[in-house]
Each structure stands twice: as C-alpha cells, then as structure tokens.
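Please find below some short notes on the model.

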Amino acid sequence: MTVSDAVKRDAPEARPAKHKRSWAWLGVMPFFIFTFLFLLYPSSTIVIKSFQDSITHTFTFQNIVTLLHSPYLMQSYWISIKLSLITAIGGGIFGFLLAYAAIRGSLPRFIAAGLMTFSGVASNFAGVPLAFAFIALLSPTGLLIGWMRALGYNPYFHGFTLYTFAGLAIVYMYFQFPLMVLVIAPAIEGMRREWLEASENLGASSFQYWRYVALPILGPALLGTMILLFGNAFGAFATAQALTGGQINLVTIVIGSELRGDVLGNAGVGYALSLGMVVVMALAIIGYTVLQRRTERWLR
Amino acid sequence: MMRGGKVWAWFIMFLGVLYFFLPLLATFIFSLKARLGELSFQAYINIFNSPQFMYNFLASVLWAVFTIIVGILLFVPTAFVIRLRVPKARSSVEFITLLPFVIPPIVYVFGLVRTYSQPPLLIVDSPFLLIAGYTILSMPYMYRSVDTGLRSIDVRTLTEAAQSLGAGWTTILFRVILPNIRTAILSGAFLSFAIVIGELILAQYLVKPAFAPYMAYVMQQKAFEPAAMAIVSFALTWIAMGIISLIGRGQQVQVAGGR
C-alpha cells in the first residue's frame with residue numbers, strides 16, 4: 001500500500017521531466033535527418049564504395065590499388081598538391097606581409113580597416129568571374145600583357161601561359177592571400193608591443209627579435225593558416241575549370257569529368273579518388289586545429 | 001628604423017593594391033570595348049537585355065531565397081534547442097556543420113549526384129535536391145551566424161519570460177527568438193546569397209539554370225559580355241558584404257539599446 005502510494009506521488013513529478021527531454025531531442029531531429037540525407041549519407045557512400053567492387057558490390061581494395069598504380073591519377077594528386085603548396089606558401093607569405101604592414105607598419109588607421117574589407121570580398125571572389133578577370137589581365141591580348149609588350153617584353157615568348165600551371169597559380173593567389181590576411185590578422189594584433197620594446201631594451205637587433213621572439217610565437221599560427229590555405233586551394237574546382245576548360249589535370253577536374261561521363265572506366269576508382277581528397281583535407285584541417293590551439297596559448 | 005619600416009610597409013601595400021585592382025581594372029576596361037573604337041556600356045546593355053541572362057540570374061536568386069528559408073527553418077530551431085535543452089548534442093552538431101569545409105564541393109556533389117541518381121533514390125532532377133545541396137554548402141556560414149546571434153542574447157531568460165506569459169514554442173521561436181537575432185540571420189542570409197549566386201558546381205552537375213554555369217557558358221561564346229557579367233558579379237559580392245557589415249554595426253547599436 002505505502003509503496004504504491006509513493007509511486008503515485010512520485011509519478012506526476014517524474015513525468016514532465018521525461019516529457020521535456022523527449023521534446024528537446026525532437027527539436028534537433030530535423031537537423032540530423034536533413035544532414036543525414038543530404039550530407040552524411042552521400043558522403044559516406046564515397047567511403048563505402050571506395051572499398052566496393054562496382055559490379056559485384058563485394059568488399060575489395062582493388063579500387064585503391066588501381067588508383068595507386070595509375071600514373072595519370074597519381075600525377076593529378078601531385079599537380080593538385082604542388083599547386084596548393086606553392087599558392088599556400090606564396091599567398092601565406094604575401095598575406096602575412098600585407099597584414100603585418102597594415103597593422104604594425106605605422107600606416108594610417110583606415111588602411112588596416114580597408115584591407116580587411118577588401119580581403120573579405122576578395123576571398124569570396126572566385127570561380128568563373130575570377131577566371132575571367134585574369135583572362136582580361138593576362139591572356140595574350142590582356143591589359144598587363146599589352147603594357148609589357150609595349151615595353152618590349154612578351155612573357156608568352158618566354159614560356160608563360162595563363163592556361164597552365166604558372167597561370168593558375170597566379171590566379172589562385174587572388175583568393176589565397178586575402179584569406180591569409182583575414183585569418184592571421186588577430187594573431188598579429190595579439191603580439192604585444194612590450195615584446196619588441198623589451199627585446200630592444202635588451203639590445204636585440206631586429207633580426208634577433210624576429211628569430212627569437214616573434215617567429216617562435218607566430219610560427220604555429222603562420223604554419224596553421226598556411227595549411228588552411230593549402231586545403232582552400234586543394235578543394236578548388238570552379239576557377240580551374242573556367243580558366244583551363246578542364247585541360248589541367250587537377251584531382252578536382254578529374255573527379256568533375258568522371259562525374260560528367262565515366263572517363264576512368266571504373267566507377268569505383270572515382271570514389272577512391274574522392275576519398276583520397278577527403279583524407280588530405282581532413283589531415284589539413286586537423287593540422288590547422290592543432291596548430292591554432294598552440295597559438296592561442298600565447299596570444300589572447 | 002621606424003621611417004624605413006614605413007616605406008617598406010607602403011611598398012607592400014602598394015603591391016597588394018595592384019594585385020587586388022589590376023584584374024578588376026582590366027575586366028572593367030575590357031567590358032567597355034563592346035563597340036569597336038569607342039568605350040561604351042554596350043556589353044552591359046546587351047546582358048541586361050538578354051532574356052537568357054535574366055532567366056538564369058533570376059533562377060539563381062530564387063535558389064538563394066529558398067536556400068535561405070530552408071536554412072533559417074532548419075538551423076534556428078536546432079541552435080536554439082541545443083543552447084537551451086540539449087547541450088550534449090552541441091559537439092556533434094558543430095562537427096557536422098563544419099564538414100562542408102573538409103569535403104571539397106566537387107567531392108560532395110559527386111557523392112550527392114551518384115547517391116540520388118539511381119533507384120530507389122531517383123530525385124536528381126528535383127529542384128529540391130539543388131536547394132538541399134545549397135543549404136548544406138552554406139551551412140557552415142548560416143549555422144555559425146545563427147549560433148553567434150544566439151550567444152549575444154540571453155536565450156534562457158527570454159524563453160522563460162515568454163513561457164511565463166503563456167507563449168508556446170512556435171511563438172517563442174518565431175516571435176521572441178527570431179526577431180532578436182534577425183541581424184545575425186540577415187548576415188548569414190547575405191553570405192548564403194553570395195555563395196549561391198557564385199556557385200558553379202552544384203547547378204552545373206544537377207543541370208539547373210543558374211548564374212555561374214550560364215556565365216561559364218557565355219565565356220566560351222562571347223568576349224565582352226562575360227567581362228560585364230564578372231563586374232556585375234563582383235559588384236553583387238561587394239553589395240552583399242557591404243550589407244553584412246552595415247547590419248553588423250546595426251546589431252551592436254541594438255544590443256546596447258536593448259540593455
């Protein structure tokens with residue numbers, strides 16, 4: 001009797017709490033269902049089908065093996081990685097110099113603010129219009145090439161073309177260095193003036209300040225942001241597609257033409273190729289996150 | 001030493017400005033050359049008089065509007081519920097919202113098209129798949145904007161106040177929370193707009209009318225019109241970013257006024 005009374009008394013209190021929890025979980029369900037249907041499931045098929053025979057659907061490593069033994073596909077990774085590395089390092093250095101000049105170069109205040117706004121716009125300006133802007137500038141009939149020809153130097157007579165690797169690298173820089181400016185600026189602002197003053201008071205030269213104070217602190221941030229730029233270039237597709245019409249052998253371009261028609265002759269290899277991209281991107285993001293954490297230890 | 005540093009800084013800035021503006025200047029000059037021997041806005045007149053341009057451009061605007069609506073309906077309740085009731089789900093939801101950064105768009109579209117172009121999931125021709133894809137591509141920006149907006153207001157107090165006045169959950173969401181984070185939502189919306197307008201891959205591979213694929217197509221056919229379109233597209237990016245920074249400033253004023 002007393003036990004069931006206690007149960008009766010407890011029940012009305014316990015129920016609303018349970019009710020609330022189930023309602024709350026219902027509230028996040030649409031998000032999970034939507035992202036499962038349109039992000040997680042389609043992406044997971046890339047992993048699954050990389051290890052599946054495209055006809056018998058049995059487990060196999062054959063797609064990966066075929067990918068690793070195809071000089072054409074491995075070369076596309078290499079070109080993508082080379083392009084991303086060069087533009088990440090080049091864009092990283094130039095973006096850092098720009099941000100440093102604007103923030104610590106004792107320039108007028110409005111320049112730093114203007115630079116940040118421009119960087120926000122320019123890092124979003126990619127793809128087809130960007131490709132066209134550089135065609136107007138650097139194609140054989142472009143504005144800058146016209147000026148250089150008038151000065152008696154035609155880069156197209158010296159091995160330069162806009163539509164191959166070197167040209168693509170120059171175009172990629174346009175969205176690479178603004179991203180560097182945006183991401184590295186807080187780290188530069190976080191560097192205290194006291195550190196420079198202290199090292200100057202102790203008789204350090206400018207070189208010694210950079211070698212022993214500034215670079216060890218900024219190092220992880222610089223490296224981390226360059227890794228981010230690497231990922232930014234590695235995943236880019238539209239700019240290269242619009243500029244070269246798919247003539248350059250980047251991984252993204254190969255995946256794009258594979259999607260348009262079965263150019264690899266084996267659907268499984270297309271998945272394996274995509275999986276390789278995701279692995280490289282995941283490594284880049286993890287590297288960025290780890291280095292970003294190390295930076296925050298100093299700059300807050 | 002200070003003076004030397006300054007000259008150096010000016011020089012770097014000068015190079016940066018050249019890199020920023022030369023391509024745009026070249027495009028602009030080129031876009032004015034549609035008439036032989038004189039500078040004119042003929043290319044702009046041509047594109048705005050072209051029914052195909054308007055058709056593809058308005059299609060993109062339509063996709064953008066639907067993407068923004070789906071994004072708001074999906075991410076505002078999610079971020080709200082997580083902040084208020086299920087903080088346990090926070091890390092997994094944040095992980096998912098950042099996934100589009102890890103999966104390159106072309107790889108994502110590859111998976112999406114392959115998944116939904118075979119029975120029983122044959123919806124590759126449905127415009128809904130395109131909108132769903134755009135919603136995913138803009139998710140990192142939209143979700144983060146909404147979440148930042150919610151962080152800047154006192155969600156718990158507002159909700160409890162509304163509840164004690166007898167408001168239901170839909171009333172709380174749409175008449176209390178939503179108006180309070182509208183600036184954050186607007187900035188997310190304009191970012192999504194910029195993304196959808198400039199996006200090439202999804203519309204191209206799902207074979208839907210859109211601005212970027214049309215521009216890529218015209219680029220191979222004509223000379224001056226694509227230059228004019230590139231300028232229009234750049235101006236649109238500028239306008240979207242300008243509005244974001246404008247309403248961003250408005251938000252600060254509002255927060256101060258609210259307190």
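**Notes on the model**

1. Chain A is split into domain 1 (1-50) and domain 2 (63-296), with bounds that come from an automatic or database domain assignment. This is a predicted model, in which local features need pLDDT of at least 70 and side-chain atom pairs count only at pLDDT 80 or more, while totals for chains, interfaces and linings use all residues. Residues are numbered from 1 along each chain as its sequence is written, and chains are lettered from A and ligands numbered from 1 in the order in which they are written.

2. Between the C-alpha centres of domain 1 and domain 2 of chain A there are 43 Å. Four residues of domain 1 of chain A contact eight residues of domain 2 of chain A (C-beta atoms, placed from the backbone, within 7 Å).

3. In chain A, the axes of helix α11 (residues 251-260) and helix α12 (residues 267-296) come within 10 Å and cross at roughly 150°. Axes are lines fitted to C-alpha atoms, for helices over the stretch in contact, with angles from 0 to 180 degrees between N-to-C directions; helices are DSSP runs (H or I, at least four residues), numbered from the N terminus. α11(A) and α12(A) are therefore roughly antiparallel (angle over 145 degrees). The contact joins V251(A), V254(A), I255(A) and E258(A) of α11(A) to G270(A), L273(A), S274(A) and M277(A) of α12(A).

4. At the chain interface, 61 residues of chain B contact 56 residues of chain A. Helix α1 (residues 2-31) of chain B supplies the largest share of the chain B side, 16 residues.

Key
Two residues are in contact if their C-beta atoms, placed from the backbone, lie within 7 Å. Helices (H or I, at least four residues) and strands (E, at least two) are DSSP runs, numbered from the N terminus. Angles under 35 degrees count as roughly parallel, over 145 as roughly antiparallel, 65 to 115 as roughly perpendicular and the rest as oblique.
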